[in-house]
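Try each task on the structure before reading its solution.

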Amino acid sequence: MKTRVTLMLFLLILGQLSWLNATLATSDDSPYRLFHIARSKNANLVCYDINLKGTSPDEDSPIHVYWINRTDHPGERSELSYIQRTMAYGYSSKKLKDGTFEVSLVAFPERKLVVLKEANIWRSRITINGKTAWLQKIYVQAKPESFMKVAWIELTGIDTKTGSTLTERIVQK
């Protein structure tokens, strides 16, 4: 009986550790990651990776946007649905003369991003609290009464001049 309980505990812990390992390993492991969106609804991430065609971004689709499941099937990736792409997590882009891309997120068009290569790393540049930053993540807090409505979003990035972390919370009206 004691052996059976010990074995069950071991398997339970092993299962939890493998879930944790898969969750941690898929959060920021892509060398192509520009930034991700985390949400209060669940732990799943919407990831925005540079989409290269050779060594340059694909002009028609410079960013690959997809889900990383961190709950039901940890580590599993899936594409956005049409509705998710057109109403929530998609983007539009315009190639600029210097080879960079101006990007507008569907759900947050008032704050433009610029995707560029800096020190051999593809990054997304944005303004956070009036300062130029490399965007790392956007956190979306849903309203308690409806997960479809946003209470606030928080931008997190690295100041391009000082290297310090910047955050800005934007409350939806």
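**Exercise 1.** Are Glu 168 and Arg 111 buried or exposed?

*Solution.* The model is a predicted one.
Step 1. The cut-off for buried is under 20% relative accessible area.
Step 2. Glu 168 and Arg 111 are both buried.
Step 3. These two residues form a salt bridge, with 3.0 Å between the closest N and O atoms. The bridge links distant parts of the chain, since Glu 168 belongs to strand β13 (residues 165–171) and Arg 111 to strand β9 (residues 108–118), 57 residues apart.

**Exercise 2.** Find the residue with which Lys 95 forms a salt bridge, and explain why the pair ties together separate parts of the sequence.

*Solution.* 
Step 1. The partner of Lys 95 is Glu 59, and their closest N and O atoms are 2.9 Å apart.
Step 2. Lys 95 sits in strand β7 (residues 91–95), while Glu 59 is in the loop between β4 (56–57) and β5 (63–68), so the pair joins parts that are 36 residues apart in sequence.
Step 3. Lys 95 has 42% relative accessibility and therefore counts as partly exposed.

**Exercise 3.** Locate the salt bridge between Glu 154 and Arg 169, and classify Arg 169 by its relative accessible area.

*Solution.* 
Step 1. The side chains of Glu 154 and Arg 169 meet at 3.3 Å, N to O.
Step 2. Glu 154 is in strand β12 (residues 146–159) and Arg 169 in strand β13, 15 residues apart, and the pair links distant parts of the chain.
Step 3. With a relative accessible area of 48%, Arg 169 is partly exposed.
Step 4. In total, the structure holds six salt bridges.

**Exercise 4.** Which element gives the most to the lining of the largest pocket?

*Solution.* 
Step 1. The volume of the largest pocket is about 760 Å³.
Step 2. Its lining has 25 residues, and those closest to the centre are Ala 88, Tyr 89, Val 140, Met 148 and Val 150.
Step 3. Two or more lining residues come from each of β1 (33–39), α2 (82–89), β9, β11 (131–143) and β12.
Step 4. The answer is α2, with five residues.
Step 5. By class, the lining of the largest pocket has 17 nonpolar, five polar and three charged residues.

**Exercise 5.** Describe the lining of the second largest pocket by residue, element and class.

*Solution.* 
Step 1. The second largest pocket has a volume of about 300 Å³.
Step 2. Of its 17 lining residues, Arg 33, Leu 34, Phe 35, Leu 135 and Gln 136 lie nearest the centre.
Step 3. The elements giving two or more residues to this lining are β1, β10 (121–128), β11 and β12.
Step 4. The lining of the second largest pocket divides into eight nonpolar, five polar and four charged residues.

Notes:
Residues are numbered from 1 along each chain as its sequence is written. This is a predicted model: local features need pLDDT of at least 70, side-chain atom pairs count only at pLDDT 80 or more; totals for chains, interfaces and linings use all residues. Side-chain values use heavy atoms; hydrogens and water are left out. A salt bridge is a side-chain nitrogen of Lys or Arg within 4 Å of a carboxyl oxygen of Asp or Glu. Helices (H or I, at least four residues) and strands (E, at least two) are DSSP runs, numbered from the N terminus. Buried means under 20% relative accessible area, exposed over 50%, partly exposed in between (1.4 Å probe, protein chains only). On a 1 Å grid over the protein atoms alone, a cavity is a set of points where a 1.4 Å probe fits but cannot get out, and a pocket is an open set with protein on both sides within 12 Å along at least five of seven lines; lining residues have an atom within 4 Å of a point. Grid points are joined across faces, edges and corners, and a volume is the space filled by probe spheres set on the points. Ala, Val, Leu, Ile, Met, Phe, Trp, Tyr, Cys and Pro count as nonpolar, Asp, Glu, Lys and Arg as charged, and the others, Gly among them, as polar.
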